Protein chains: 2
Amino acid sequence: MTRQLPSATVARLTVYLRSLSAMLADGVERVSSEALAETAGVSSSNVRKDLSYLGSHGTRGVGYEVQRLSGNIAATLGLTHDWRVAIVGAGNLGRALARYTGFESRGFDVVALFDADQLIVGNEVGWLRVSDVRDLEVVLARTRATMVVLALPGTVAQQVCDRVVAAGVHSILSFAPVVLQVPDSVNLRKVDMATELQILAYHAQRIHEPGDGPGRPSA
Amino acid sequence: MTRQLPSATVARLTVYLRSLSAMLADGVERVSSEALAETAGVSSSNVRKDLSYLGSHGTRGVGYEVQRLSGNIAATLGLTHDWRVAIVGAGNLGRALARYTGFESRGFDVVALFDADQLIVGNEVGWLRVSDVRDLEVVLARTRATMVVLALPGTVAQQVCDRVVAAGVHSILSFAPVVLQVPDSVNLRKVDMATELQILAYHAQRIHEPGDGPGRPSA
DNA sequence: GCGTGTGAATGCTTTCACAGCA
DNA sequence: TGCTGTGAAAGCATTCACACGC
């Protein structure tokens, strides 16, 4: 049952899942690869290839059963139960993440929020109380969190990351603008907003040749 | 003159740039592809291939001049001048982004922050005043913002996105958990935190079968 | 027919290995 | 000698095109 899926496929499955959830809510019962591709912003052959990895059973000439496909993808992604997530860093971003309602609805429970600043520790954010990062190991164990989100300054990210790893966490999502070193056994994903803007800058600059001001909005 | 760089290379250039900035600050003058690869978390041959696209001039047997390489990459990415960025959505995430100091230091000026909620419009966030999203077109024009960050609910993302595009913006970074449709002339990048966690869930679930969760994959 | 499932072909990315130059 | 720069090879990912079954 455990053949590794191509990583590009895994990323797209999450998108399909979102589209399918919307369709389920709308009472749609069947969907073609063409229609699903449309809502997901990819090609239909890409959709079919991706779904074929699940050993998915669509019906030729008809399409896929929304309900069944949705359950199939959720199971494949490991979303059959909730995941307990801890957020380290209760600055602007950490607090925003802690209050983000999109996690809940997608099967992720935020069970702890940490900060090092004693002025913040003990405060309430949403329905959570901010824990002292000195108690990281204890609280991670007590809450049985298996995923950690790092929302802290680059300067301390690596040292906190090391403690998180030592505490036995294998899944980490980092918003810190640094490259973190982790053992192979740990799964680390990185989101960096400045990087994203820089990539946009590259493409923007290739179009309007840089004068002193960045392009005029010619329409 | 400038041939299109592979997109994977562009993404890594931003990482190199960060490493090089740190080295510059530390007074390091030269760096080998091996050393740079280490800090960036990629292979050294990957670094050399990437840099060779810039027609970059390293010195054989020695390495690259940090200062020069750094300037080279910045120029390639179009970071020789600041970019004016507007953020639409002053909820938790939007406010966190508006206050994020990492943008400034990387050449991105947040020049406007919008919201639709009349209770929020007019408030100060950092050194910005929240504008009414009804004035989107006017304020975008006045501030001459050329990049827009969408930090708003999925339900309104597409309609706001359409207005942003119509206003002549060609670079958009979206945090909304939906697939947005834009013309080919627009560059859209997407960041979705729930998606990232789902991808982590997939890998986590492939390793340890969860103990207290219901259901395991059928044989 | 129609739309899935899938080999085969194309294109993109990374790695290898080594020539070439300080 | 040491490290860059780069063709050639290997490894992924996407697209094509069409057989197949409803």
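**View 1. Helices of both chains form part of the surface near DNA strand D**. In this predicted model, helix 1 (7-25) and helix 3 (44-53) of chain A each supply at least two residues of that surface, and so does helix 3 (44-53) of chain B. Helix 3 of chain A gives the largest share, four residues. (Helices are DSSP runs of H or I, at least four residues; strands are runs of E, at least two; both are numbered from the N terminus.) A residue is near the strand if one of its heavy atoms lies within 4 Å of it. In total, 26 residues surround DNA strand D, with A:Arg12 and B:Tyr64 among the closest.

**View 2. Side chains of chain A meet DNA strand D**. An N or O atom in the A:Ser43 side chain is 2.9 Å from a phosphate oxygen. A polar backbone atom of A:Gly61 is 3.5 Å from a base nitrogen. (A polar contact is a pair of N or O atoms within 3.5 Å.)

**View 3. Both chains line the largest pocket**. Its lining has 37 residues; A:Arg189 and B:Glu196 are among those nearest its centre. Helix 1 of chain B gives the largest share, five residues. (A pocket is an open set of points on a 1 Å grid over the protein atoms alone, where a 1.4 Å probe fits, with protein on both sides within 12 Å along at least five of seven lines; lining residues have an atom within 4 Å of a point.)

**Notes.** Residues are numbered from 1 along each chain as its sequence is written, and chains are lettered from A in the order in which they are written. Local features need pLDDT of at least 70, side-chain atom pairs count only at pLDDT 80 or more, and totals for chains, interfaces and linings use all residues; side-chain values use heavy atoms, without hydrogens and water.

Key:
A polar contact is a pair of N or O atoms within 3.5 Å; within protein, one must be able to donate a hydrogen and the other to accept it, and residues adjacent in sequence count only if both atoms are side-chain atoms.
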